[in-house]
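Have a look at the model first, then go through the notes by topic.

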Amino acid sequence: MQRESIRMFAYAISFDEIKVYLSKGYYNGISSKFYLKDLETNEHKLLNGDDGQEENGFKTYYFHTEFKVGRSYRVSDAYGLTCFLSFDRLPLCQDFDDRFAYDGDDLGSQYTPGATTFKVWAPVSTAVVLKLKSPEGAVSLYPMERENRGVYYIRIFKDLELYEYTYLISSNDETVESCDPYAYASTSNQRSSIVVDLKKCRRKTYDLPVLESKTDAIIYEVHVRDFSVDPYGELRHKGKFLAFSETGNATMLGYKTGVDYLEDLGVTHIQLQPINDYATVDEDHPYELYNWGYDPAQYNVTEGSYVSDPNDGYRRINECIRMIENIHKHHMRVILDVVYNHMHDVNDNALERTCPNYFFRRDEFGNLTNGSWCGNDLNSTAHMCRKYILDMCKRWQVLYGADGFRMDLMGIIDIETVNGIEAQGREIDPSFMLYGEGWNMGTLPQEQKAMIDNNRALPNVGFFNDYFRDTIRGSNQMEIKGYTSGDTYKTNDAIITMCDYGKFSSVEQSINYVECHDNATTFDKYSICNREEGEAAIERRCLLANIMVVLSMGVPFLHAGQEFFDTKFGNVNSYNAGDTVNKFDWGRRDQHIAAVETMKALIRLRKENKCFRYNNFDDMHAHIFINNINHRMVEYILTQDEGQYHEFHVYINPSFDTIGVDIDDDFKILMKAEDEAISNHHLDVHGISYVICAR
Ligand code: CA
C-alpha cells in the first residue's frame, strides 16, 4: 500500500510514547481527540496532549501513554477513523536492548524424537505462528506463545525429523513468512527451514598439532566451486563440497589434484570463500549463474549449490562436514570467509523479518546506512546482532569444525564484536585464527571500527596488509609497478614491509599477500605493467613476489593458483564472471610444475626453519638484518640457533642488472633462478632473479 494513500497511521516511538500521523488530505489532518484501545482487554482510553505539528503532508501528534509491546492496539480519531499501533520503530530506540536482549542459547529448533521445541526472537511482533510441513506435504499451523523478552515459543510432541518449517510473523494485520535465523538446514533458495537431528551430524576429529604461533600458518585461499569445476582436474564432485573429500585423483599427466595436491604443496590453512548460503546462484539450477558468494542470504546454513541435493537437510550439513573433516585428515586447517558486514537483501531475510529495523544499521532518520557499498550494513553493535554473529561463529567452529575466520570488510564491524569472536574462538580451540579486511569503511565512529589503524585494540586479530601488497606487487591500479615488477625506488619500502616493526602491535597480525580473489592476479597485472618484457620475465617477477610473500615476517597468504601464475584473462573483478575465468586451472598447473615445485620448496624452507617464522619483535631485532644493495636488490639475512643451517641469505633482484655481493664460500645455494654460483667470496645475482643460500 502506498503510504500517501493511508490517512492515518501510528507508531510507538519509545516505550511510553506514541506518534500518530493524520493525512492533511483528511479534515486537514485535524482531530480534536484520539483514543487508544487495547484489543485484548477492550480497555479504551483517551490520549491527552498535543495540538499536532506539520510533517510532510501530515499532521503528527505525540502522546505519552502506557502500552504493552506485543499486544494489538487500535488508535482512533474524533471521526472514528482507526489504525493499528505499530511497534516496528521501537528497535530504533536506544534502550531497546535493555528491555528485549535475550541471552538464552536455545533459539531455533531443538529436536528430540519425542518433541521439538521452537523458539524465535520476534519482540515487536504481535503474533507468531509456526508453519510446519511434513515430509509428505501436509501443512499445519501452531500459534506460538510469547515469553519474556520477545521470544515466541512452542513445543510439539511429535517426531518432526525433516519437517520443513517457517514462522508467520505478524505485526497486527500484516504478516510476513520467515525462515528461522537459527535453523541448521533449509530447503533450496531459502524457501523454508528444516528440522534435523544433530546426532546425525557428527564429525570425526583429527589431532592436529597446536598452532603455537600464527606465523606458523601458511594460508591458501580457494573457492569451493572453482576448485573442482575444471574437468581436467578429474574430481568427481564438480563444484561441490564433496570434491574436497575425494582422494587419489590425478590429471592425465599423473600430477595430484584435490586435497592431495594442497597437502603436497605444504600449506597449513585452507581459506574457503563464503560457504554459508548466498543469494545469487539458483540452488536448483546452479550452473545458470556463477558467484563468489559475498551476498549472504542465511548465515546459519551452508550454500545449497555446493550440496549434492540442496533440499536434503542432512546432506546440506554433512557434506560440508565431510569436506572439512577430510582437509583436517590431510593435516590442514580450514578458515571460513564470513561476510558479517551486509546481507544480500534486507527485506528478504529472516533477521529483518523476525525483528524489523534492528539487525541493519540505520542513520538518525531511520534510513539504512551503506558503508559496505552493498546497500546495507549489519548492525553488529546491537546486542542481538552481536550475539547472532557470535552464535553463528560458534556453530561453524563446533558443528562444522572450522578452525578460524577471515572477516570480509571487517572495518565495518565494531571492535567489541570482533574481539568477542576471537576470544570465543580461542576458548573453543587454542589454535583458532581470526583475521580480516581492516579497511576504514562504514559509519561507526572511528574508534569503534575493527580496522588496521585500530590494530592495537585488536591484538590477536590479523589484517590483510595492503602496504605489503602495494609495495611488493604494486597497487590495484594495473599500470602501477611494485618492487618485484621492477620499481626499484620501492627497495627501501620493500625492506620495511618484509620486516615491519611499526605497522602492527604484533608481527602475527600482518597477513602478507600480493594476490587474493579480489582484483587482478599478479600475472595479469604484470602482463599489463611489464608487458614489454615478455611472458618468461613476467613469470619470473611473479616468482619473486611469491618468494617475498612466503619468506617475509608475518603470516603468508596465497591465492589458489598463484603458485603457477594463474590468470583471469585480465578480469579485475571476476565475482560473477563464471567458471571459465575463475576455475582452478589444473591444466595450467601441469604446465607450470617447476613453479609449483619452487613454491613447495619455499614453503618447506619456511616450515623447517624458525627464523622465517619469528613471532615477536625481539627475535626479529636479534636475528634479522635486511639491506638495500645498490638501491635495487634486497639482501635479507636471517639467523637461528637451531636446525641444519644457522644463517640464511636471501637475495631478491628485480632490476635488469647483475648485482654482485661479497659472501663467504661456506654458503651453500639452496634455491636460485639461474646459474648463479658462489666463488672467491663473491656472488653475482642476475637481473630479475633470486638466490637463497645458507650455512
Ligand atoms: Ca544459496
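Two strands count as paired if DSSP finds at least two bridges between them. With that in hand, Val 661 has Leu 683 in β35 as its bridge partner. Keep in mind that this is a predicted model.

- β32 and β35 (residues 682-685) run antiparallel and are joined by four bridges.

**The four-stranded sheet**

- Another open sheet has four strands in the order β9-β10-β14-β13, and its pairing is antiparallel too.
- Its edge strands, pairing on one side only, are β9 (108-111) and β13 (145-146).
- Strands β10 (residues 116-121) and β14 (residues 151-156) pair over six bridges in the antiparallel sense.
- If you want a landmark here, find Lys 119, which stands opposite Tyr 153 in β14.

**Helices α6 and α7**

- The axes of α6 (residues 383-398) and α7 (residues 415-428) come within 10 Å and cross at roughly 30°.
- Angles under 35 degrees count as roughly parallel, so α6 and α7 are roughly parallel to each other.
- Their crossing is right-handed.
- On the α6 side, the contact residues are Arg 386, Ile 389, Leu 390, Cys 393, Lys 394, Gln 397 and Val 398.
- α7 brings Glu 416, Thr 417, Gly 420, Ile 421, Gln 424, Gly 425 and Ile 428 to the contact.
- By class, the contact of α6 with α7 has six nonpolar, five polar and three charged residues.

**Helices α11 and α14**

- Helix α11 (residues 535-551) and helix α14 (residues 593-608) have axes that come within 9 Å and cross at roughly 20°.
- That angle makes α11 roughly parallel to α14.
- The α11/α14 crossing is right-handed.
- α11 makes the contact through Leu 543, Asn 546, Ile 547, Val 550 and Leu 551.
- From α14 come Thr 598, Met 599, Leu 602, Ile 603, Leu 605 and Arg 606.
- The contact of α11 with α14 splits into eight nonpolar, two polar and one charged.

**Helices α10 and α11**

- α11 also packs with α10 (residues 522-529), at an angle of about 130° and with the axes 9 Å apart.
- That makes α10 oblique to α11.
- The crossing of α10 and α11 is right-handed.
- Thr 522, Phe 523, Tyr 526 and Ser 527 of α10 meet Glu 535, Ile 538, Glu 539, Arg 541, Cys 542 and Ala 545 of α11.
- Sorted by class, the contact of α10 with α11 has five nonpolar, two polar and three charged residues.

- Asp 277 is in strand β21 (residues 276-278) and Glu 303 is in the loop between β22 (296-302) and α4 (313-329), so the pair ties together parts that are 26 residues apart in sequence.

Definitions and conventions:
Residues are numbered from 1 along each chain as its sequence is written. This is a predicted model: local features need pLDDT of at least 70, side-chain atom pairs count only at pLDDT 80 or more; totals for chains, interfaces and linings use all residues. Side-chain values use heavy atoms; hydrogens and water are left out. Helices (H or I, at least four residues) and strands (E, at least two) are DSSP runs, numbered from the N terminus. Axes are lines fitted to C-alpha atoms, for helices over the stretch in contact, and angles run from 0 to 180 degrees between N-to-C directions. Angles under 35 degrees count as roughly parallel, over 145 as roughly antiparallel, 65 to 115 as roughly perpendicular and the rest as oblique. A crossing is left-handed if the near helix is turned anticlockwise from the far one by less than a right angle, and right-handed if clockwise. Contact means heavy atoms within 4.5 Å. Ala, Val, Leu, Ile, Met, Phe, Trp, Tyr, Cys and Pro count as nonpolar, Asp, Glu, Lys and Arg as charged, and the others, Gly among them, as polar.
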